[in-house]
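Please read the numbered points with the structure open.

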Protein chains: 2
Amino acid sequence: MKKSFLSFLFAVAAFQLRAEDGHQLWLRPHATVPVTVVAPASRSVLLATAKQELQQGWQGNAGATVTLTLKKDKAIRYDGYRISPSGVQAVTERGLLYGVFELIRCQQTGQAAQAGVSNPSYEYRLLNHWDNPDGSVERGYAGQSIFWRKDSSFVTTSRDKTLWQEYARANASVGINGAVVNNVNASPRILSAEYLARVKAIADVLRPYGVKTFLAVKFSSPVLLGGLKTADPLDPAVVKWWQAKAKEIYQQIPDFGGFLVKASSEGQPGPQDYGRTHADGANMLADAVRPYGGLVMWRAFVYSPSDKDRAKQAYNEFVPLDGKFRDNVIIQVKNGPVDFQPREPFSPLFGAMKKTSVMPEFQITQEYLGHSIDLAFLSTMWEECLGSDTYQAGPGSTVARVTDGSVYPQKHTAMAGVANTGLDRNWTGQDFGQANWYAFGRLAWNNQLKSAQIADEWLKQTFAGAADQQATASAADWNANFLAPVTQMMLDSREAVVNYSMPLGLHHIMSATHDHYGPGPWWAPPKMRADWTPPYYHQADAQGVGFNRTTTGSNAVSQYHEPLASQLNDPATCPDEYLLWFHHLPWDFKMKSGNTLWNELCAHYDKGVHQVRQFQQTWDQTRPYVDAERFAAVQNKLRAQSGAAVLWKDACLLYFQQFSKLPIPASVEPPMHTLDGVIANDMVRPRPLPRP
Amino acid sequence: MKKSFLSFLFAVAAFQLRAEDGHQLWLRPHATVPVTVVAPASRSVLLATAKQELQQGWQGNAGATVTLTLKKDKAIRYDGYRISPSGVQAVTERGLLYGVFELIRCQQTGQAAQAGVSNPSYEYRLLNHWDNPDGSVERGYAGQSIFWRKDSSFVTTSRDKTLWQEYARANASVGINGAVVNNVNASPRILSAEYLARVKAIADVLRPYGVKTFLAVKFSSPVLLGGLKTADPLDPAVVKWWQAKAKEIYQQIPDFGGFLVKASSEGQPGPQDYGRTHADGANMLADAVRPYGGLVMWRAFVYSPSDKDRAKQAYNEFVPLDGKFRDNVIIQVKNGPVDFQPREPFSPLFGAMKKTSVMPEFQITQEYLGHSIDLAFLSTMWEECLGSDTYQAGPGSTVARVTDGSVYPQKHTAMAGVANTGLDRNWTGQDFGQANWYAFGRLAWNNQLKSAQIADEWLKQTFAGAADQQATASAADWNANFLAPVTQMMLDSREAVVNYSMPLGLHHIMSATHDHYGPGPWWAPPKMRADWTPPYYHQADAQGVGFNRTTTGSNAVSQYHEPLASQLNDPATCPDEYLLWFHHLPWDFKMKSGNTLWNELCAHYDKGVHQVRQFQQTWDQTRPYVDAERFAAVQNKLRAQSGAAVLWKDACLLYFQQFSKLPIPASVEPPMHTLDGVIANDMVRPRPLPRP
C-alpha cells in the first residue's frame, strides 16, 4: 500500500485547485485513485464515515480492494486497529475509522503503513474548549468560538454544521475522540434546556466522526440554575438535582461523555465551600453519570493565595485523597505544578496518586507561548513532559507510563489538551498552531511518538505541493529546501520561546496587562495576591534570582521521588533548564558552562532573539514552496514574534540588571528599549494585535 | 603657554568635586593656577569678563603674565584676535574675550595656542531660538524655554539671570555673538512694552559676554499689535509704526541687533499679502533699524502649496530680487532646498545671489535627526554643506566662501543656527546635543574647521576626568579607550541617521504624527497639501522610487551651476548620496556598487541599525571613563535610538516593498515589525517619550 512520496507530491501539486487559506488543515484535498471497499453492514454512521474517507482519500494502488473487518482481537485495546495487507481490522467502528486515516496518512506522507496493531495510549483523547456561551474564548487567539454565539437565538445553521463536521473530521484524523465544548470556568447556563439543545446539535454532528461530547459544569449549578439553597455534594437535594440533570442530558445525548469540573480553584465554587473534599464533590457527580457510563474529570489545578509556594499545593491537596475517588473519576493534572509555562518540571502529582486515575492536561492554545502570533511547536514540550521519569514506581516510571495504565491499574486513562481553535479561517490564527492541534492528537494516540516524526507528517500533509508555481520543485528539492529546514525550525521553536522569555527555569514573569503576551517581571500592583505577580516567582534581589524550592526553601523538591528530589535539590546536579525554578542563586553563580549566572541569562535571552531571526530567514527561503497567502501570513507573524523576542530580552535584562548591577556582556546585542519605556508600555492596555 | 594634556587630565580629575550632570557643558570647573593679567582700563563689562575668565580658567604656567591689548590691526577683522607669546591683542573687547577663551581651550585640550591672527569667518554668529512667549519651544526637545515662561508676571528672577549668564558665557566661549530670543513664527506680543522689558533684561545679561540680542518679528505686527488697518510695507503709517517701534527698542537696548523675519512663508503674513515683494518688506524694516546700526535677516524659506517642486521655489522667488535689498538686509537661507533633512544637497541660492548678502541657516535642534533622543553629531553635516562647491564663481566657490565674503563683497556676513537649548539640566536633553551647539559656534568662527577637531576639543572639555573613580586612567588609556572610539562614534553618527532614516537621497518621509520622529512614508491624509506629505517626496510606485528633478522632471537640477547641474542630472554621475533626491529610478537600477537599487536601499537601512548598535557597544565600553549620571543617560538614549533605527528600517523597507515586490535580502536582518503594526502605531499620538 505504499506509494512513493515523490509521486504523491506531484499528484498533490497537479490537483491543487483552490486557494490555500489553511482552512483544510492537514486534510487538504488531493488527487485520489479508485479503491474498492469491502465492509460489514453498517451499524452506525461511523462505518459510513470510514468508507467515505477511504474512497475520497485513497492514493494507494489503483483498483485495490481494502477490507474493513470488525472482530474481537485481544491484542486490540480501546479503539485500536490492526493493519494487514488486506485492510483494517478493529473491535470498534471507531477503530476502523482510525485505521483508515492511518492508511491515508501513510500514503500522503510517503511512509509504509506498518502491518500490525496500533493501540491508543489513552482511552480518552480530549480537547478542552475554553469557549464561553457568549461566543468568546478564554485564552483563545483565533477568533470567536466555533460552538457558541453571542446571538442567543441558537438556530443551528448549515454553516455551524459544516464547521463542526470539519472540526470533528480533523479530530478523528488524529484520533481525538472527545470534546469538552465549553469553558472550565463554566457558566451554569450551559446546563439549561436552551443550551443543552445546542449541545445535542453539536453532539449529533461530532458523532459520525467518533467524537464524544462532554461538558464543563459549574459546581454551584444546583443553586444558580436549579434554585436550591446549597450545592453541598452530600445534600440529598443536590444529589437528586445532578441525577436529574444527568438523566436529562443522556436522554438527548445517549453517548454523552461526562463532566469536566474546575472546583474550589481560582474563585470557582466547590465542595470545600461546604466543608467537603474534592473526593466528596467528584464522587457525587460520578454517581450521577455512572448509570450511563459517564466520566467525571476533576481538575487538580488548585492553589490558595496564602500558601508560601503555589507549586506545592495541588500535591498537598490531592495526594491525601488518593484511593478515595470513584473509578469513573479521573484527576486531570496540568503538565507542570504552576500553570502551563513554556517550561515547567512535571507535576509531582504524576505517579504519586497510585490508586486514582490521573490524566495529563496540556495547553494547546499558546497562553504563555505567544498567543497565535509566535511560532511555537509544542510537541517537543509535551514529549519532554511525557518522557520525564517520576521514579514513583522505579526508574522508567515516566509521566507517560504512570498515566497510560502501564504502571498503575487505572480504570480509565485519558489525556486532555486545551484547544486553540476559533472562527479564524485557518482555525488557529497562526498557521503553525495547527501543528499543535495535530501533535496533541498524535501524542494522545501514541505517547511515545517523536516530535520530529510528528512535524514531518504535519508538514507533508499541510504544505506539500502548495507552491503557487505548480510542480516546479522535485521531491528532493522540496525535502532539502522546505521539509528539512522547516522541520528544524519547528523542533527549535519552543526552546527559542523559552530562551527569550523564561530561560534557566525562570517562570511566570509575563505581562498581566497584555494577557500574558510579552514581559512583565515588574508587575505587582498593591493588594494583588502575591502568587499572581511575577516578583513572587523570580524573587530577584541584590543577592540573586530564582525561587528557592529546595529543602532550605519551600521544600517543593521533596514532592518528587528520589533520586530526583536530591538531584533537583543541589544546584550542581539540577539541570540548567530548571535551575531558577528550584534555586535562588547569586548573580555570579558559576554555571556548568563556566559563565556566571548573569552572563548565562544574558546569553539565553540573546540566543532566543537570534533563533527567531533564524526562523525568519528559514521561512523567507521557503517562498518558492508555499502559497502566497500562508507564506505572507507566517512571515508576518514571525516579524511580530521577532519584535516580541527583543522586547522580552530587553525588558527582562534591564529589569533584572537593576538587581544584578552587572553589565550586559558585549557579546550580547545591546537593548533597543529602555526599561522606563517598556514598563510604561506595559501599563496601558495594548491596541489590538494584528490578526490574519 | 602649552601644558601637556596629560597633566591637564589629572588636574581635572583631582579637581572634580561636584556631580556631573551636564549643566557645565564644555566649561566644567577645573584646577587653575595663578596668572597675572595686564589689561587696559575697561571701557565696558566685556573686558572685565575677559579678565575674569582668564583668571578663573588659567592652566598655563603658574605666575605667568598675560597682557590683553586693544589696538588697531589691519590683519584683524570683526572680533578677531592675535595671539602672541605675551598675550592677546584685538580691535574690540569682544575680540579679547574670544582670544582668552581660545587660550583656555588650548590649555584644556592640550593644544598649543597658535601664535597669529584668528578672524571669524562671519561677522554675525547667531543662535535662533524658536522659543514662544508661552515658554514652549517649537522643535525644542530639552524642556521649556530658558527665556520665556507661561507665567506672564515676568519678574526676572535670579535663577533667570544665572541661567542666561551661563548661556551667554557658553556662547562667548565658542564665539557666538548674537541670539534671536524668540520664534521665527513670531507672536506680535514680543514687541509689546511688557515683553520688551523682558527682552531688555535678557540683553543686559547677555551683553557682558558679547552676545547681542535680536528679535524675530511678525510682519503683521502693525495690524495685530499696532491696530493699523494694514501692514503694507509701502504704507506710510506702517513705515512710521516700525520706525517708532525700532526707536522704542533701541532706547532700551542701544546695542540691539535687529530683526529676523519669516514672511510669506507657511501661512505667515508678509509683503506678498499686499502685492509687494520680499525686497519691499525687508527694505522697509531695514530702513527702520538703519539709524541704530540694526540688521534685518530675511528668511528665504518660502514655498507655495501649488508648485510642482517645493525644492525649486526659494530660488525662483529670490534670485530675481538679487541686488534689490538694502545693504543691512541679509537673506537667511537654510542649508538645503527643502527643510533641514538629515542630508540635502546645498540650497542653489548659495552663490546664485551675487549682489545680496546671504547667510546660511543650520538647524542645531534635531527636528529631523532624532530630537534629543538620537545621538547625531551634526558638525559633519554642516562641514559637508560648507565645503560643497557651488561653482557659481568658478571651481572652489564653496558654500563657505560664497557666504563669508571671500567671493562676493557682502556688506554683512552671518551664520545662524536654530538652537537646541531648553530648561533641561543639561541644556540640550541628549548630552551629545551639546556638541552640536559647540560645533555650530566653532564653525561659525572658522568655516574651514574639521569635525574631527571639533569633536576632539568638545570631548576633552566635556568628559576628561569625569570618571567616578578618580584618576584611574592614564592619558594614553583615556585617549585610546575613550577619546578615539567616542570621536569615531560622533563622526559616524550623522551618517548612521541618514542610513537608517533616509538613505540614497530619500527625504521628508518622517512621521507627521510623531513630530517628525520616526518613519511615516505612508502619511498622506485626504486634502492635506501634497508637499507636506511623504509620498510627494519619495514618489514610490511599481516602477521605482525617488523625485525626478532632472531635466525630464521638475528640472530643479538646472538651478545648480555647471558642471554640477549636468553631474546631478545623470544617474551615472550623480553621487549615491543624492541619487533619489534627483532621480526616480527603477527598483532594479544598477548601482555603482553593483547592487540593485532595492538591495542597496536594504543594505543602507540595515547598516544604519548596526551602526547604532556599534555606538551602543562603544559607549558601553566607556563606563570606566564617564560619571555614572551621564553614562546612564547616554546609554539610555542610545537604546531608544537603537529601537528607533530598527523601526525606521522595518517601516520603510516594508512600506517600499509594497511597490518593489522584491524580497529583503537574506544578508539583511529580518524585520521585527509588521507594516500594519507600524502604521497603526503612527496613527495615534505617542505617549511622551522618556526624558532625562
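**Note on the two chains**

1. The copies meet through the same surface, because 100% of the interface residues of chain B are also interface residues in chain A; contact here means heavy atoms within 4.5 Å. The model is a predicted one, in which local features need pLDDT of at least 70 and side-chain atom pairs count only at pLDDT 80 or more, while totals for chains, interfaces and linings use all residues. Residues are numbered from 1 along each chain as its sequence is written, chains are lettered from A and ligands numbered from 1 in the order in which they are written, and side-chain values use heavy atoms, with hydrogens and water left out.

2. Chain B is superposed on chain A by a rotation of 180 degrees with 0.0 Å of shift along the axis, at an RMSD of 0.0 Å. The two copies are thus related as by a two-fold rotation axis. The superposition is by least squares on the C-alpha atoms of residues with pLDDT of at least 70 in both copies. Within chain B, the residue that comes closest to the rotation axis is B:Gly643, its C-alpha lying at 5.0 Å.

3. In chain A, five strands form an open sheet of mixed pairing, in the order β1-β2-β4-β3-β5. Because β1 (35-38) and β5 (116-118) of chain A stand at the edges with a single partner strand each, one side of each is left without a neighbour in the sheet. From one strand to the next the twist averages 20 degrees.

4. Strands β3 (residues 81-84) and β4 (residues 87-90) of chain A run antiparallel and are joined by four bridges; A:Arg82 stands opposite A:Gln89 in β4(A). Helix α3 (residues 93-109) of chain A packs on this sheet, where it touches β2 (64-70), β3 and β4 of chain A, and its direction makes about 150 degrees with that of β4(A). Axes are lines fitted to C-alpha atoms, for helices over the stretch in contact, and angles run from 0 to 180 degrees between N-to-C directions.

5. β8(A) is joined by three bridges to the parallel strand β7 (residues 178-180) of chain A, with A:Val180 opposite A:Phe214. Four bridges join β8(A) to strand β9 (residues 258-261) of chain A, also in parallel, and A:Ala216 has A:Leu260 as its bridge partner.

6. Helix α10 (residues 379-386) of chain A has six of its eight residues buried, so it is largely enclosed by the rest of the structure. Among the buried residues are A:Trp382 and A:Cys385. The buried residues of α10(A) pack against several elements of chain A, including β12 (357-363), α11 (399-403) and α14 (475-501).

7. A:Gln448 is found in the loop between α12 (433-445) and α13 (451-463) of chain A. This residue, A:Gln448, is partly exposed, with a relative accessible area of 48%.

Methods
Pairing = 2+ DSSP bridges. Helix = DSSP H or I, 4+ residues; strand = E, 2+ residues; numbered from the N terminus. Buried < 20%, exposed > 50% of the residue type's maximum accessible area, 1.4 Å probe, protein only.
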